[in-house]
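Welcome! Let's take a friendly walk through the pockets, the inner space and a bit of the surface of this protein.

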Amino acid sequence: MEGEKRVAEKIRIERLTKQFEVRDKNNKQGLSTFTAIEAIDLVIHEGEFLTIVGPSGCGKSTLLDLLAGLSTPTRGRILIDGREVTGPGLDRGIVFQQYALFPWKTARGNIEFGLEAKGVPRSEWKALTDHYLELVGLQNFGDRYPHELSGGMKQRVAIARSLAFNPDVLLMDEPFAALDAQTREMLQTELLRIWEKTKKTIIFITHGIDEAVYLGQRVVVLTPNPGRVKQIVEVPLSSRLADVDLKSSHDFVRIRREVWNLLHEQEYQGAYI
């Protein structure tokens, strides 16, 4: 419509299906086909923060692996900026639940790895590393090794390293799941602050309903066995950073209840944990 801002499409997922050959429970010498995700259609907008929730075994991590190019679809395809994903690429950064830092490198050295991968001239490394350390609030910890950092600090370094090669898309697979509740909430707020500054397209996998609603502009709810898109829930909340009591607001509670109900309908039969 005239005067309406048009949101650019960043990622298109078309009829995406992933199957694996597994041992047949009824025939120890035979194989059977396990379908992790099936016929997923989804469009993700440029600069969108999208969260994905679903019961254990619904294929959330499988979907992220396919987006990262670490696995290939059985059927269907993924397009980023109109180009089909055929493998890993520097247009996508990944942050896993486990920090996956190089233990022999300092926080600064881990971030420099991202710059080197991007082909950034060495002469620019210090200024850029300083920038990303400050962005994640670790400007005074650049010379610390991973074993000298807390879990939350390690995950900040992992985020900074992924951002350092300036990917268009940031893929996050339950990155805060191993952290204590207080650190987790703090890093959720920090991630929102970083997203508002960088406007990266973020796809965030989580088990937490509160986390999904707090972070996501939309929440994709997946079904179990196989994973399909059950429903996409819009989250029309105002700035999360401006409202310190957002999780107690009527709108937040209403949206959280909607996602909870979708995850706990009879067809789930207690699968969600």
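We can begin with the second largest pocket, which has a volume of about 200 Å³. Please keep in mind that the model you are looking at is predicted. To find this pocket in the viewer, look for Val 7, His 45, Glu 46, Gly 47 and Glu 48, the residues of its lining that lie nearest its centre. The lining is made up of 10 residues, and by class these divide into 3 nonpolar, 3 polar and 4 charged.

Next comes the largest pocket, with about 270 Å³ of space. Here the lining has 17 residues. Nearest the centre of this pocket you will find Ile 94, Phe 113, Arg 161, Ser 162 and Phe 165. Which elements give two or more residues to this lining? They are strand S6 (92–95), helix H2 (107–118) and helix H4 (151–164). Helix H4 provides the largest share, with 4 residues.

The structure holds 1 cavity of 30 Å³ or more, and about 40 Å³ of space lies in the largest cavity. Its lining consists of Val 136, Arg 156, Ile 159, Phe 176, Leu 187, Glu 190, Leu 191 and Ile 194. Two elements give two or more residues to this lining, namely H4 and helix H5 (181–198). Helix H5 gives the most, with 4 residues. In the lining of the largest cavity, 6 residues are nonpolar, none are polar and 2 are charged.

| Space | Volume | Residues of the lining by class |
|---|---|---|
| Second largest pocket | about 200 Å³ | 3 nonpolar, 3 polar, 4 charged |
| Largest cavity | about 40 Å³ | 6 nonpolar, no polar, 2 charged |

Finally, let's step out to the surface. Phe 20, Val 22 and Phe 34 form a nonpolar patch there, and together they have about 210 Å² of accessible area. One of them, Phe 34, sits in strand S2 (residues 27–45).

Key
Residues numbered from 1 in each chain as written. Predicted model: local features only at pLDDT ≥ 70, side-chain atom pairs only at ≥ 80, totals over all residues. Heavy atoms only, no water. Patch = residues over 30% accessible without salt bridge, like charges linked within 9 Å, V, L, I, M, F, W, Y side chains within 5 Å. Areas by Shrake-Rupley, 256 points an atom, 1.4 Å probe, with all protein chains shown as cover. Salt bridge = Lys/Arg side-chain N within 4 Å of Asp/Glu carboxyl O. 1 Å grid on protein atoms, 1.4 Å probe; cavity = no way out; pocket = protein on both sides within 12 Å on 5 of 7 lines; lining within 4 Å. Points joined across faces, edges and corners; volume = space filled by probe spheres on them. Nonpolar A, V, L, I, M, F, W, Y, C, P; charged D, E, K, R; others polar.
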